[in-house]
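Please look through the sequence and the structure below before reading on.

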Amino acid sequence: MYQPAHGRFAVPDPAGLLAELAAHVPATLVTVGPDGLRASILPMLFDADDGPAGSLRGHLARPNPQVRDVAAGLATDALAIFNGPEAYVSPGWYEEKRRTGKVVPTWNYVTVLAHGALVPHPEPEWLLDHVRRLVDRHEAGRDDPWSVDDAPDGYVETQVRAIVGLELRISRLEAKRKLSQNRSAADVAGVIEGLEAGSALERVVAAEMGKETAPR
């Protein structure tokens, strides 16, 4: 992933950002097989202590061609992309527009890229443990959380026969928080004000920008 030479968009703790994003957003899992690029959207669990750089675990439907490629050893290298808050930035929000007019639009975003080797896991016991952990993570905090144990006996065991687990053993992490850190304080303040007047997602980006400008 491209990082400008100024280094202001770099993230000092990529694993920390991955843990934050993986808890809330799905991954875009990209592989290359005999038929070219394939991509799937799936939630993944990040375990920072599993291996030198951690691991990601997810699952896909058994008929998915991406599963076929991985199971056959035809697509072992993978890239999991986790995209966080993002929004269009209008040049009309910049103080620089009023000063010189020398401005252009851009896009602010937060993202993590996890590179690594993919290992298939068709074993029922692996899948049952994975599904339980995945459900517990997303049901946590709900007023009436659903549990795998709420399903009739044998039902979940039957359902996992239709999926295959995937483990991405991370070899490299890249992370980027492009949040106008290369602009003046006046321009950043203008962008935050503009985003705060927008959609819910734009307000989230404004909040992320505020974290970058807060004293540390």
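This is a predicted model: local features need pLDDT of at least 70, side-chain atom pairs count only at pLDDT 80 or more; totals for chains, interfaces and linings use all residues.

Residues are numbered from 1 along each chain as its sequence is written, and side-chain values use heavy atoms, with hydrogens and water left out.

**Nonpolar cores**

- A nonpolar core is a set of buried Ala, Val, Leu, Ile, Met, Phe, Trp, Tyr and Cys residues joined through side-chain atoms within 4.5 Å, where buried means under 20% relative accessible area, exposed means over 50%, and partly exposed lies in between (1.4 Å probe, protein chains only).
- The largest nonpolar core has 39 residues, and those with the most contacts inside it are Leu18, Leu29, Leu56, Ala80, Phe82, Leu168 and Met209.
- Leaving aside residues up to four places away in sequence, Leu29 touches several residues, including Arg38, Gln66, Ala80, Leu118 and Leu168, where contact means heavy atoms within 4.5 Å.

- Side chains of opposite charge can pair when their charged atoms come close.
- The structure holds 16 salt bridges, each being a side-chain nitrogen of Lys or Arg within 4 Å of a carboxyl oxygen of Asp or Glu.
- Glu95 forms one of these with Arg98, and their closest N and O atoms are 3.3 Å apart.
- Both Glu95 and Arg98 lie in helix H3 (residues 95-99), three residues apart, which is about one turn of the helix; helices (H or I, at least four residues) and strands (E, at least two) are DSSP runs, numbered from the N terminus.
- Glu95 is partly exposed, with a relative accessible area of 30%, whereas Arg98 is exposed, at 56%.

**Salt bridges of Arg177**

- The side chains of Arg177 and Glu208 meet in a salt bridge (2.9 Å, N to O).
- Because Arg177 lies in strand S7 (residues 163-178) and Glu208 in helix H7 (residues 200-213), this pair ties together parts that are 31 residues apart in sequence.
- Arg177 counts as buried, at 11% relative accessibility, and Glu208 counts as buried too, at 8%.
- Arg177 also meets the side chain of Glu212 in a salt bridge (2.7 Å, N to O), which links strand S7 with helix H7 across 35 residues.
- Glu212 counts as partly exposed, at 23% relative accessibility.
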